[in-house]
Amino acid sequence: MSKLINAISARLSLRNPQKESLEILSDIVDTTELGNYDSQSLLMELDKVKSLYPSVSDFEREFPSLCFALATGVGKTRLMGAFISYLYLSKGIKNFFVLAPNLTIYNKLIQDFTPNTPKYVFKGIAEFITVLPVIITGDNYEDGLGNRNQYSMFNDEVHINIFNISKINSEVRGGKAPRIKRLKEYIGDSYFNYLASLPDLVLLMDESHRYRASAGIKVLNELKPILGLELTATPQVESGNRAIPFKNVIYSYPLHKAMEDGFVKEPAVATRENFNASQYSEDQLERLKLDDGILVHEETKVELEVYARQNHKPIVKPFILIVAQDTTHASKLMDIIQSDEFFEGRYKNKVITVHSNQSGQEKDETIQELMRLENPVSETEIVIHVNMLKEGWDVTNLYTIIPLRAANSKTLVEQSIGRGLRLPYGKRTGVKAVDRLTIIAHDKFQDIIDEANNPNSIIRNGVYIGKDIAREQKKTITSNPKLGQAVVEQVQAKVSAVQATNNDFNPVQTNDVMNVFELAQRKMKNYEHLPSSKHLATGEIKQQLIEEVRSEYLVNQLDLFPEQTTALIEQVVEALVEQTIQHSIDIPRIVVQPVGDLTWGYHNFNVEVSNVSLQPVDEHILIQHLRTHEREVLQRNNNLAVEERLEDYLVAALIDYSDISYDDHSALLYSLSNQMVQHLQSYLTDEHAVRNVLQYNRGRLAELIHSQMKNNYYETATAYEVQVSRGFTTFKPVSYTTLLAEGVKPFRQPVEDKSRIRSMVFGGFIKCLYPEQKFDSDSERKFAVICENDPNVEKWLKPSAEHFKIYYNHNSIYEPDFVVETKTGKYICEIKKEKEMEDSTVQAKARAVLEWCTHASKHELEHGGKKWSYLLIPHSDVQENMTLEGLKSRYLFK
């Protein structure tokens, strides 16, 4: 793999499918002769491509044109940017013609190719920072932007022409030439003829399934491009009821693969269990689907908000897409949704309609609202459309689709679902509702179900609503810290016994206690700067807290029982201080943050070479793959590069890795390469034999060295800044969601379906500082059992994001799994899969936590506290017969 591909992939943060596509393009341009073609030369180039990629049986155009079929949501526009970057940097190609199938995609492409926009496709490409690409569009090409003499030795500009192909299609009707061919440029030629005369024009076709069997597309052949690159999620043409696949697909990354790899949401189908559509009229069925869609939508909305708040993420507000039959049907649906009878009129002003009959101000306002749908301030929660929203409408917050119009082709199925597959946070969260797109399918969308049941299904699971709606509906559980209830129980009896001056008794209500408690807890946050919560118990601090609570509580209060009010405030503060010390764990706010430059590199080490005994390559080497039985023959090639120094073979291969810098690591690279060369020389006495082994095995030898380098990687800051801003943190309520009927599960009860554990809420704890907790795995549930069983453990909790500010790798924050306090110490505990224990990120977090524990222990021991330690525990050793001390003896991180 070339260094250039590695560099572009790293700079543009390409996903694997994008990087693999770029590698294929590299193969093609290195194999074929790009230029002008006649029928014979085109066949010759086709044979070359077929020899490398047999899936290509025809270019289907009068120039080499190759289709990259990538699923929606994987990133086709970014791949265009990678293609252009590679062709320019490797081959010096400067002219590109990008085709959009409609106005929506046209505008999107212009924005994404324009610098300083959120999704700029060349972000990170240094060569496009010094000399910005010239963007020529259907709106500005008449200004002469593209006709400059860019082939002078002083001009490195890349010209990217972006045109809306639907405009060409519409302008050839009636036999007229499209406008792009009619108009003359200021130099006297039509812009079309200018483009056709360029010796290096490359066509990029977005949503290329729209460019087949179209009269206007015939002009593409006349442009005489040297290469065509097609991108689509649906590489097929609809002909009646048949889908005719493209013949020039060179790379395919289908939707089910994108789902497996977690790049998109998981589509799910919702219906009613044991449902019989024939028992309902058409109107009844339609209303049923609308109602069920709203139920799913509201559940999703709660899940999204809870996830955002718990993880300090932006709140994503989902919306529903309703597919109507026609504009009349859309109007009828609008009337239903805006009526007072539809969910008590809650969606009256939260629905918009999109269809082709709209025009003027109505159309402009609708499009503007569509563009605002991802903004949380948008009030729209329902969009009704009539076959309008296809390619190019990229939103991440579509979560529910209600199809009320029959679909009859695989293309329509994939495109309809494709509108909602993009993930709002860019990756899966592990929360099913946040990662799922739900399709409400009762009857008329049966062909989607049928399509999903074939071996190439794009829909993998189902959601049942209707009969089992109570079982599947979810509710939010708010878990309040235990100290609140403890304060109420301690205070209520004491204050109720206090007589007023007139000898009357006024029973104190729970609400009275809670009002003062909440006020006192807010005031107590002002004292978190104290070294520990124990300092709250000092007379001066406690009295000051009482006075602050009294002064605010008595504002606008008609106090008929002043003695009881005084006693109430004093008792609440007394109890709050006492219970805070007893029912919380002091977690100091210690910020350990790297400052200055981050130093990274590799420690010097001795390469393990004992298993290397490669021999020189003979004239013919037969290799048979064990899995596929495929055979290949390595033949001696006398044209292999000859390096002056033997080490250079390995060094040249090592610097292809994106995490190795020649300038920074050259001394180490030569040291390691020299060790390998010396080992080869130890059993190969002939220098020609050593050189032969290095020539033919440089890649695998470099990979062996690189794998050992990764184990010796280091990353350190030049200095750390330590700040102790709080001695403790006030605990707040946390919110969880669970199935409505399931409720809170006993934490000791084994979970049969462990894949569902993240959706469950557990309770029944004695030592946990919250009555309810959620776990990410069954290992975490078992660790909670260990904490509850261990007599040495006093209290524990799963902390929230606000409890710690432990930074690693400059700007990432670590959130621990557990915090445990025993009779003798405090522990941050992390449960990890056994195979992840040595992962570089896990180790980076561990080092940062260890640094935090060092400063936290120093702070606590200076103020009568306990030492902090970090336990990094493999999930396989979390068994209920363990104790914390036993785990510490094995997994204390040092």
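1. Which helices are included in what covers the buried residues of α22? The model under discussion is a predicted one, and in it the cover over the buried residues of α22 includes α23, which runs over residues 662–683, together with α24. Helix α22 itself takes in residues 647–654 and is mostly covered, since 7 of its 8 residues are buried. The buried residues of α22 are E647, D648, Y649, L650, V651, A653 and L654.

2. Helix α24, one of the elements that cover α22, deserves a look along its own length.

3. For the chain as a whole, the predicted model contains 27 helices and 31 strands. Of its 894 residues, 51% count as buried. When contacts between residues at least 6 apart in sequence are taken, 74% of them join residues that are at least 24 apart.

4. The pair formed by α1 and α4 can be described in some detail. The axes of α1 (residues 3–11) and α4 (residues 76–91) come within 11 Å and cross at roughly 145 degrees, and the crossing is right-handed. On the α1 side the contact is made by L4, I5 and I8, which meet A82, S85, Y86, L89 and S90 of α4. Sorted by class, this contact has 6 nonpolar and 2 polar residues, with no charged residues.

5. Leaving aside residues up to four places away in sequence, L79 touches Q18, S21, L70 and L231. The C-alpha atoms of L79 and S9 are separated by 9.8 Å, although the two residues lie 70 residues apart along the chain.

6. S13, in the loop between α1 and α2 (16–31), has a phi of about 50 degrees, and with a relative accessible area of 55% S13 is exposed. N116, in the loop between α5 (103–112) and α6 (127–130), has a phi of about 65 degrees; N116 is likewise exposed, with a relative accessible area of 81%.

7. The last point concerns V237, which is found in strand β7, residues 236–239. With a relative accessible area of 23%, V237 is classed as partly exposed, because that value is not under the 20% cut-off for burial and not over the 50% cut-off for exposure. Not counting residues up to four places away in sequence, V237 touches R212, R242, A243, I244 and F246. V237 and R212, one of these contacts, are 25 residues apart in sequence, while their C-alpha atoms are 7.2 Å apart in space.

Terms used: Residues numbered from 1 in each chain as written. Predicted model: local features only at pLDDT ≥ 70, side-chain atom pairs only at ≥ 80, totals over all residues. Heavy atoms only, no water. Helix = DSSP H or I, 4+ residues; strand = E, 2+ residues; numbered from the N terminus. Buried < 20%, exposed > 50% of the residue type's maximum accessible area, 1.4 Å probe, protein only. Contact = heavy atoms within 4.5 Å. Axes fitted to C-alpha atoms, helices over the stretch in contact; angles between N-to-C directions. Left-handed = near helix turned anticlockwise from the far one by under 90°. Nonpolar A, V, L, I, M, F, W, Y, C, P; charged D, E, K, R; others polar.
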